[in-house]
Amino acid sequence: MIYDNHDARLRYFELLLKRDNLDNILEFRLPDGYRFVLYQSGDRDDWIELGYTHAKIPTQTTTWLACKVYLDFGFVPVPENAVHSRDGWRMIRTLTKHAALKGFEELPRKELTKETGQIDS
């Protein structure tokens, strides 16, 4: 089964990450010809013409994909949270196979969803 970034079936865990320093953070450049454009008043018709009727940008860390991005940037689980929300980190390990979480066992796929009847942390 594949889970999207905001899959409501997944159990919720409060996962806390930290990074001790901000040195050597990876920088990702856009490909040639691309640029970031922020919506400004008056852009509505142009954006609709391009096919954009609405936008949703998941920047909160309550998504497993956002968690993966933070791990990619060198953040790691806060030690106390790694203990308190261990199954949550196991879930992220299962979904991302992230090397930074190699110390966590994968959570069995049948335990990823709310239907497991378990109490979420």
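1. From the N terminus on, the elements run β-α-α-β-α-α, a total of four helices and two strands. Helices (H or I, at least four residues) and strands (E, at least two) are DSSP runs, numbered from the N terminus.

2. This is a predicted model, in which local features need pLDDT of at least 70 and side-chain atom pairs count only at pLDDT 80 or more, while totals for chains, interfaces and linings use all residues. Residues are numbered from 1 along each chain as its sequence is written, and side-chain values use heavy atoms, with hydrogens and water left out.

3. Of the 121 residues, 30% count as buried; buried means under 20% relative accessible area, exposed over 50%, and partly exposed in between (1.4 Å probe, protein chains only). The accessible surface comes to about 9300 Å², with 54% of it belonging to carbon and sulfur atoms; such areas come from the Shrake-Rupley method with a 1.4 Å probe. Among contacts (heavy atoms within 4.5 Å) with a separation of 6 or more, 67% are between residues 24 or more positions apart.

4. The axes of helix 2 (residues 64–72) and helix 4 (residues 86–96) come within 10 Å and cross at roughly 85 degrees. Axes are lines fitted to C-alpha atoms, for helices over the stretch in contact, and angles run from 0 to 180 degrees between N-to-C directions. The two helices are therefore roughly perpendicular (65 to 115 degrees; under 35 is roughly parallel, over 145 roughly antiparallel, the rest oblique). Helix 2 contributes W64, C67, K68 and L71 to the contact, and helix 4 contributes W89, I92, L95 and T96. By class, these are six nonpolar, one polar and one charged residues.

5. There are two aromatic pairs; rings of Phe, Tyr and Trp (its six-membered ring) pair if their centres lie within 6.5 Å, with planes under 30 degrees apart counted as stacked, over 60 as edge-to-face and the rest as tilted. Y70 and F75 have ring centres 5.3 Å apart and planes at 90 degrees, so this pair is edge-to-face. Y70 is partly exposed at 31% relative accessibility, whereas F75 is buried at 19%.

6. W89 and F104 form a tilted pair, 6.4 Å centre to centre with 35 degrees between the planes. W89 lies in helix 4 and F104 in the segment after helix 4, so the pair ties together parts 15 residues apart in sequence. Both are buried: W89 has 0% relative accessibility and F104 has 12%.

7. K97 lies in the segment after helix 4. K97 is not a glycine, yet has a positive phi of about 55 degrees. Its relative accessible area is 47%, so K97 is partly exposed.

How values were computed. Ala, Val, Leu, Ile, Met, Phe, Trp, Tyr, Cys and Pro count as nonpolar, Asp, Glu, Lys and Arg as charged, and the others, Gly among them, as polar.
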